[in-house]
Protein chains: 2
Amino acid sequence: MTATSAFSDEPGRVAQLVTAFLSAQSGSVVSPAELPEVVLSVGADARDDCAIYDVSGPVSLVVGSDYVRGAKFILYELGVLSGFDIGYYLVVANVSDIAAMGAAPIGVLTVIRYPNDVDDREFHEIMAGIHQACTDSGTLNVGGDIGNAERVVLSGTALGICERGKSLQRSGAGPGDVLCVTGPCGLLGAAVAYFPKRDANGWTLPTDVEQALLDSWRRPRARVAEGRILSLYGYGTACQDTSDGLKATIEQIAAASDVGFDVFEDSIPMSAAVERVAQLLDVDATTLALSASSDFQLVFTIDAASVDSCTEAFLAAGLTMYVIGKATPSAHGIRMLDRDSNPRPLPGVAWKHQSTDISTLVPDGDSPSPA
Amino acid sequence: MTATSAFSDEPGRVAQLVTAFLSAQSGSVVSPAELPEVVLSVGADARDDCAIYDVSGPVSLVVGSDYVRGAKFILYELGVLSGFDIGYYLVVANVSDIAAMGAAPIGVLTVIRYPNDVDDREFHEIMAGIHQACTDSGTLNVGGDIGNAERVVLSGTALGICERGKSLQRSGAGPGDVLCVTGPCGLLGAAVAYFPKRDANGWTLPTDVEQALLDSWRRPRARVAEGRILSLYGYGTACQDTSDGLKATIEQIAAASDVGFDVFEDSIPMSAAVERVAQLLDVDATTLALSASSDFQLVFTIDAASVDSCTEAFLAAGLTMYVIGKATPSAHGIRMLDRDSNPRPLPGVAWKHQSTDISTLVPDGDSPSPA
């Protein structure tokens, strides 16, 4: 790529820009050592219609697709996120779904469509972000589809494997199980509530707080190692990532498992950045932490007897988990308990798709919604 | 769905419209009898983040993604194709890539994004088309992503399996191999050249010809059975589907395999409908048949000694194949030979993406291009 070739057609981009990122894949072993061997016999470097994996032994294969929707582009359109960042995000969003099932990723397919005003530099940035996120997630971008569209469209598919029959689902929680989360939630939602209105409202947060909000978007992490501990050792009874926000995730596990949950307000891990944005918005910080936000933490349930050993396994791997509640019979519903055990409905605005209701939290809000 | 609920949000569509098509998948055996068993242990009916397959034995896993691009919507936007038709097309486009590798599909993931003016009836139609195409292709829609976007976006991913190490690629053709195609090409391109200009140009083709043009879009077929014969019995040395048009496909196999091709003009199977449209456009029918058109035929090469047995295997299965040329050393290039063996460059306009150059074939043509 040179500065003078600002635009190229799709074959040109494949030849010049994509190939650089996708070399020497074919023949790679893409499975972790503890799982039956999977070899990427035909990778993206072969430039064929599909990737081909040679699978040796019995495994569970996990596969899901995620479109990166309009709302996630607000900060990109504001210029706060770069092409690199949204490419990175696309991969993590897809790998996170694999992680939530307790699987290790073996590859990602990416669909990148762009309007004519996306030049080669910008396209290269998106590809570089995809490549870096795959590397950071321990996997490879094995193919997909690139070309023209009216506006930037990013969609992906991730594949993963785990021991056969050991995958995690949303539906396995039972009353008495302990509810956990891998880390603080709400940062990405807080960033979307903050940046588009910052200048108009004269908001000024310290640089390190703004950085924390931005980094949540720029370098999210799919919780693969956490999911693997939960599946491999059988700790997890149910699991889901928080791509719809913490409240929505708890509600969805409850519905899928037919249980209720008591959530302990004081146990919810809080990010200082979320607390600062909540102050600006004049809303309760816990409410903001529970609302629509794609933090890609894992929410999971484990048998109460496993809490200590699971916590130890996380600690030994340098990972974090927080006990935030317990599963109850479904008739109890989903409740938030304060420090005096007074119950109230779980606060927060769940991601409803088609309307980003987090705007209802934001004063004088024109919605930061998709579309 | 009732006539009064013209619009619903995404959770509503999932609950009411999607679920009806995706019931009772979990637990299905999705592999053909001749291959190691693959069970869809968690299907779309589980409404989890991902689908999960339990894979018993050694297989090659084939996976690819296809975005259905702007150009493919021209006839939809004209009202000539329905929501059902484009849903159907999306699945076939993705399964066709699996078929071209010699694999049997085990599932399709579909990303369906739509603007607010797509009502529940239209959304239901798209889902019904997807469902029908999966059924007709012998597979299941195991998940994906639905929701809002600025305009209709359809993207998909297909997964397939074949005997380990037996998949077909573009790169295996050698000089002396025989070049074949499963059927006539150019119908979809002819339809795009015809319908948008029909009324303005006062063109009137007989109903059965128009029907053949439309059916090429409405009910394309992924050549799974053909691909399976080529891989299972080892006939195919290289294979690719004609989603970019016959000329582009031959060129791509030539490049990947480092061979040339002599193509026998008189052997190319011709569709009567393509010939009729070529007359209207005042272009050579063979040229139109070779140009950009996503017919999803398979182009493949086989060892010359296998032609008879391969032809018999196709006939025995009720399938067609046509010998249309032979591979040569790459220095010979790609040539079209007429009945007197006079060579000329292969005619036709290859799909170049970003610009649908078939418009250069069309008189007074405003381009039926993507965008």
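**Close-up views of a predicted two-chain model**

**View 1. In chain A, helices H5(A) and H6(A) lie oblique to each other.** The model shown here and in the views that follow is predicted. Helix H5 of chain A, which covers residues 187–201, and helix H6 of chain A, which covers residues 207–218, have axes that come within 9 Å and cross at roughly 120 degrees. The crossing of H5(A) and H6(A) is left-handed. On the side of H5(A), the contact is made by Leu187(A), Leu188(A), Ala190(A), Ala191(A), Val192(A), Tyr194(A), Phe195(A) and Arg198(A), while H6(A) contributes Glu210(A), Ala212(A), Leu213(A), Leu214(A), Ser216(A) and Trp217(A). Sorted by class, the residues of this contact are 11 nonpolar, 1 polar and 2 charged.

**View 2. In chain B, helix H5(B) packs against helix H6(B).** Helix H5 of chain B (residues 187–201) and helix H6 of chain B (residues 207–218) pack at an angle of about 120 degrees, with their axes 9 Å apart. H5(B) is therefore oblique to H6(B), and the crossing of these two helices is left-handed. Among the residues that make the contact are Tyr194(B), Phe195(B) and Arg198(B) of H5(B), together with Glu210(B), Ser216(B) and Trp217(B) of H6(B). The contact of H5(B) with H6(B) has 11 nonpolar, 1 polar and 2 charged residues.

**View 3. Helix H5(B) also meets helix H9(B).** The axes of H5(B) and helix H9 of chain B, which covers residues 272–281, come within 9 Å and cross at roughly 35 degrees. H5(B) passes H9(B) in a left-handed crossing. From H5(B), the contact involves Leu187(B), Ala190(B), Ala193(B) and Tyr194(B), and from H9(B) it involves Ala273(B), Val274(B), Val277(B), Leu280(B) and Leu281(B). This contact has 9 nonpolar residues, with no polar and no charged ones.

**View 4. An aromatic pair in chain A joins Tyr89(A) and Phe296(A).** Over all chains, the count of aromatic pairs comes to 16. In the pair shown, the ring centres of Tyr89(A) and Phe296(A) are 5.4 Å apart and the ring planes stand at 55 degrees, so the pair is tilted. Tyr89(A) belongs to helix H3 of chain A (residues 83–100), whereas Phe296(A) sits in the loop between helix H10 (285–290) and strand S11 (298–302) of chain A, so the pair ties together parts that are 207 residues apart in sequence.

**View 5. The rotation axis passes 2.7 Å from the C-alpha of Gly57(A).** Chain A can be laid on chain B with an RMSD of 0.0 Å by a turn of 180 degrees and a shift of 0.0 Å along the axis. The two copies are thus related as by a two-fold rotation axis. Of the residues of chain A, Gly57(A) comes closest to this axis. The copies meet through the same surface, because 100% of the interface residues of chain A are also interface residues in chain B.

Technical notes: Residues numbered from 1 in each chain as written. Chains lettered and ligands numbered in written order. Predicted model: local features only at pLDDT ≥ 70, side-chain atom pairs only at ≥ 80, totals over all residues. Heavy atoms only, no water. Least-squares fit on C-alpha atoms with pLDDT ≥ 70 in both. Contact = heavy atoms within 4.5 Å. Axes fitted to C-alpha atoms, helices over the stretch in contact; angles between N-to-C directions. Helix = DSSP H or I, 4+ residues; strand = E, 2+ residues; numbered from the N terminus. Parallel < 35°, antiparallel > 145°, perpendicular 65-115°, else oblique. Left-handed = near helix turned anticlockwise from the far one by under 90°. Nonpolar A, V, L, I, M, F, W, Y, C, P; charged D, E, K, R; others polar. Phe/Tyr/Trp six-rings, centres within 6.5 Å; stacked < 30°, edge-to-face > 60°.
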